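The sequence and structure come before the text.

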Amino acid sequence: MTRDMRASALRSWRASTLVLAVLAGCRGYLTDTVDSHTCPQTYEFGNYGCAAVEGQVLGARSQPLAGISVGPRPSADGGQFNSPYGLTDGNGRFRLQLTRYANAPSESASVWIRATVIPPPTERVATIFDSVLVRLRVVPVGQVPDTAHVAIVLPVP
């Protein structure tokens, strides 16, 4: 084997090793076929499970409200969840998956879910919001939580 052939083989071996290392690091992303609603293990704070809530935000005439900010307020049971906020879709619908970061003695929790109309600064109107208290069942990491359903009506004409 010539010197050039050995150098070329060594480069190919290094490149193959790098590709295998990258693929090994991505194995969870490439082969994970778990339901997207399964409680993930987030690793950063040692989560203890999750709960799910979905619903619809309606206006005063029962019309769906799009673009409304929806998220949890501090838990009525001690602020044990993260705070993911999202916007309602064109039908006023939303879905939140709340991750529990505090070990709690109960597999359920009461959480306020708040919907907020955030007006552009140029409109010079007050922020409109309302909340609903919902009881959620918290499941361990790796399980799919039951989904609580809520409707929030805002005084928007």
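## Pairing around strand 5

Proline 72 has isoleucine 113 in strand 5 as its bridge partner. Strands here are DSSP runs of E with at least two residues, helices are runs of H or I with at least four residues, and both are numbered from the N terminus. Strand 2 (residues 69-72) is joined to strand 5 by four bridges, and the two run antiparallel. Two strands count as paired if DSSP finds at least two bridges between them.

Strand 5 is also joined to strand 6, by 10 bridges, again in antiparallel fashion. Valine 111 stands opposite valine 134 of strand 6. Eight of the 10 residues of strand 5 are buried, so the strand is mostly covered; buried means under 20% relative accessible area, exposed over 50%, and partly exposed in between, with a 1.4 Å probe and protein chains only.

## Basis of the model

This is a predicted model, in which local features need pLDDT of at least 70 and side-chain atom pairs count only at pLDDT 80 or more, while totals for chains, interfaces and linings use all residues. Residues are numbered from 1 along each chain as its sequence is written, and side-chain values use heavy atoms, with hydrogens and water left out.

## The sheet 4-1-7

Three strands form an open sheet in the order 4-1-7, with mixed pairing. Strand 4 and strand 7 are the edge strands, each pairing on one side only. On average, neighbouring strands of this sheet are turned by 25° against each other, direction ignored; the axes are lines fitted to C-alpha atoms, for helices over the stretch in contact, and angles run from 0 to 180 degrees between N-to-C directions.

Strand 1 and strand 7 run parallel and are joined by seven bridges. Alanine 52 stands opposite threonine 147 in strand 7.

## Nonpolar core

The largest nonpolar core has 22 residues. Such a core is a set of buried Ala, Val, Leu, Ile, Met, Phe, Trp, Tyr and Cys residues joined through side-chain atoms within 4.5 Å. Val53, Val57, Val70, Ile113, Leu136 and Leu154 have the most contacts inside this core. Two or more residues each come from strand 1 (49-58), strand 4 (93-100), strand 5 (108-117), strand 6 (128-137) and strand 7 (147-153). Strand 5 gives the largest share, four residues.

Neighbours within four places in sequence aside, valine 70 is in contact (heavy atoms within 4.5 Å) with residues including Val57, Phe94, Leu96, Ile113 and Thr88.

## Threonine 88

Threonine 88 lies in the loop between strand 3 (86-87) and strand 4. Its relative accessibility is 6%, so threonine 88 counts as buried. A polar atom of the threonine 88 side chain lies 2.7 Å from the backbone oxygen of leucine 65, and one lies 3.0 Å from the backbone nitrogen of glycine 67. Beyond its neighbours within four places in sequence, the contacts of threonine 88 include Val57, Ala66, Ile68, Val70 and Arg93.

## Disulfide

The count comes to one disulfide, taken as a pair of cysteine sulfur atoms within 2.5 Å. Cysteine 39 and cysteine 50 form it, with their sulfur atoms 1.7 Å apart. The pair links distant parts of the chain, 11 residues apart: cysteine 39 is in the loop between helix 2 (27-31) and strand 1, and cysteine 50 is in strand 1. The torsion about the S-S bond is about -90°, so the disulfide is left-handed. Both cysteine 39 and cysteine 50 are buried.

Note on methods
Polar contact = N/O pair within 3.5 Å; in protein donor to acceptor, adjacent residues only side chain to side chain.
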